[in-house]
Amino acid sequence: MYNVIVSSEAEDILTQYTIACNTDNGPDCARRLVASYEKGISLLEFSPMRGCARLKYVPKKYRVTNFWPHLWFVYQISENEKTVYIDYIIDDRQNYGAFLS
């Protein structure tokens, strides 16, 4: 089992999307988003290699995995530490290339 550490930047992004989801679609949608996020974290605890590097502009040092429509965890794995570091959450509909450089 891996330890998953989420950066404060990624947590801030999740908070922004949760607020927007609640505002646009109601509290049930926001709860589903948070539940999907938590499920994604749980999956990374047990199988961090499940992610891929298939999104355009994602540097090779990162892996990505989708946890909500258009939202992706961008993370690195430290095998020595048995830790997954989620550095970013990105929206594949936005220009995230410069953000990850």
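Two strands pair if DSSP finds at least two bridges between them. I started with that rule, then went to the sheet.

**Ground rules.** I am working from a predicted model, where local features need pLDDT of at least 70, side-chain atom pairs count only at pLDDT 80 or more, and totals for chains, interfaces and linings use all residues. Residues are numbered from 1 along each chain as its sequence is written, and side-chain values use heavy atoms, with hydrogens and water left out.

**Sheet.** Helices (H or I, at least four residues) and strands (E, at least two) are DSSP runs, numbered from the N terminus. I found an open sheet of four strands in the order 1-4-3-2, with mixed pairing. Strand 1 and strand 2 stand at the edges with a single partner strand each, so one side of each has no neighbour in the sheet. On average, neighbouring strands are turned by 35° against each other, direction ignored. For angles, axes are lines fitted to C-alpha atoms, for helices over the stretch in contact, and the values run from 0 to 180 degrees between N-to-C directions.

I looked up the pairing of strand 1 with strand 4: it is parallel, over four bridges. Val6 stands opposite Ile86 in strand 4.

**Helices on the sheet.** I took contact as heavy atoms within 4.5 Å. Helix 1 packs on the sheet and touches strand 1, strand 2, strand 3 and strand 4, its direction making about 40° with that of strand 4. Helix 2 also packs on the sheet and touches strand 1, strand 2, strand 3 and strand 4, but its direction makes about 145° with that of strand 2.

**Aromatics.** Rings of Phe, Tyr and Trp (its six-membered ring) pair if their centres lie within 6.5 Å; planes under 30 degrees apart are stacked, over 60 edge-to-face, the rest tilted. By this rule I get four aromatic pairs. One of them is Tyr37 with Phe67, edge-to-face at 6.0 Å centre to centre and 70° between the planes. That pair links distant parts of the chain, with Tyr37 in helix 2 (residues 27-46) and Phe67 in strand 2 (residues 63-68), 30 residues apart.

I checked burial too (buried is under 20% relative accessible area, exposed over 50%, partly exposed in between; 1.4 Å probe, protein chains only). Tyr37 counts as buried at 11%, and Phe67 does at 7%. The rings of Phe67 and Phe73 are stacked, because their centres are 4.2 Å apart and their planes at 15°. Tyr37, Phe67 and Phe73 make up one aromatic cluster.

**Cores.** A nonpolar core is a set of buried Ala, Val, Leu, Ile, Met, Phe, Trp, Tyr and Cys residues joined through side-chain atoms within 4.5 Å. The largest has 19 residues, and Tyr37, Phe67, Phe73, Ile86 and Ile89 touch the most other members. Strand 1 (3-6), helix 1 (8-25), helix 2, strand 3 (71-78) and strand 4 each give two or more residues to this core. Helix 2 gives the most, with five. Another core of nine residues lies apart from it, and includes Val64, Tyr88, Ile90 and Tyr96.

**Thr83.** Last stop: Thr83, in strand 4 (residues 83-91). Thr83 is buried, with a relative accessible area of 5%. A polar atom of its side chain lies 3.0 Å from the backbone oxygen of Glu81. Leaving aside neighbours within four places in sequence, I see Thr83 in contact with Tyr2, Asn3, Ile5, Gln76, Ile77 and Ser78.

Methods:
Polar contact = N/O pair within 3.5 Å; in protein donor to acceptor, adjacent residues only side chain to side chain.
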